Amino acid sequence: MTTLLRLPEVMARTGVSRSSLYLAINRGTFPKQVLIGSRTVGWIEEEVEDWIKDRIQCSRGHNSVDKKTVRNDEV
């Protein structure tokens, strides 16, 4: 079952602000949101969790297999 996360939950899990999340989405370094309704979006939980795991791996000096890996000074 796929779970969609709303913005406050994504911000809480990632520790990233709203503006930084949308900037990262525009850069292609954070998973893109899914349209839920006419003015409502959410993020696929698994994609957000994968992004978090990738950031952990990057911070530990491990190479990532994800093409959208960001530098440690980027979100």
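1. Ground rules. This is a predicted model, where local features need pLDDT of at least 70, side-chain atom pairs count only at pLDDT 80 or more, and totals for chains, interfaces and linings use all residues. Numbering starts from 1 along each chain as its sequence is written, and side-chain values use heavy atoms, with hydrogens and water left out.

2. Tyr22 and Trp43. Searching the whole structure turns up 2 aromatic pairs (ring centres within 6.5 Å, taking the six-membered ring of Trp; planes under 30 degrees apart are stacked, over 60 edge-to-face, the rest tilted). Tyr22 and Trp43 make an edge-to-face one, at 6.1 Å centre to centre and 65° between the planes. This pair links helix α2 (residues 18–27) with strand β3 (residues 40–44), 21 residues apart; helices (H or I, at least four residues) and strands (E, at least two) are DSSP runs numbered from the N terminus. Tyr22 is partly exposed at 24% relative accessible area, while Trp43 is buried at 0% (buried is under 20%, exposed over 50%, partly exposed in between, with a 1.4 Å probe and protein chains only).

3. Phe30 and Trp51. Here the ring centres are 4.9 Å apart and the planes sit at 70°, so this pair is edge-to-face. Phe30 is in the loop between α2 and β2 (34–37) and Trp51 is in helix α3 (residues 45–59), so parts 21 residues apart in sequence are tied together. Both Phe30 and Trp51 are buried.

4. Helix α2. Leu21, Ala24 and Ile25 are buried in α2. Down the helix axis, the buried residues of α2 fall within an arc of 105°, so they line one face (the arc is that of the directions from the axis to the C-beta atoms). Ser19 and Asn26 are exposed on the face turned away from that buried side. After α2 comes Gly28, with a positive phi near 85°.

5. The core. The largest nonpolar core has 12 residues, including Leu5, Val16, Leu21, Phe30, Trp43 and Trp51 (a set of buried Ala, Val, Leu, Ile, Met, Phe, Trp, Tyr and Cys residues joined through side-chain atoms within 4.5 Å). Two or more of its residues come from each of α1, α2 and α3.

6. The sheet. Three strands form an open sheet in the order β1-β3-β2, with antiparallel pairing (strands pair if DSSP finds at least two bridges between them). β1 (4–5) and β2 are the edge strands, each pairing on one side only. β2 and β3 are joined by 3 bridges, and Gly37 has Thr40 in β3 as its bridge partner.
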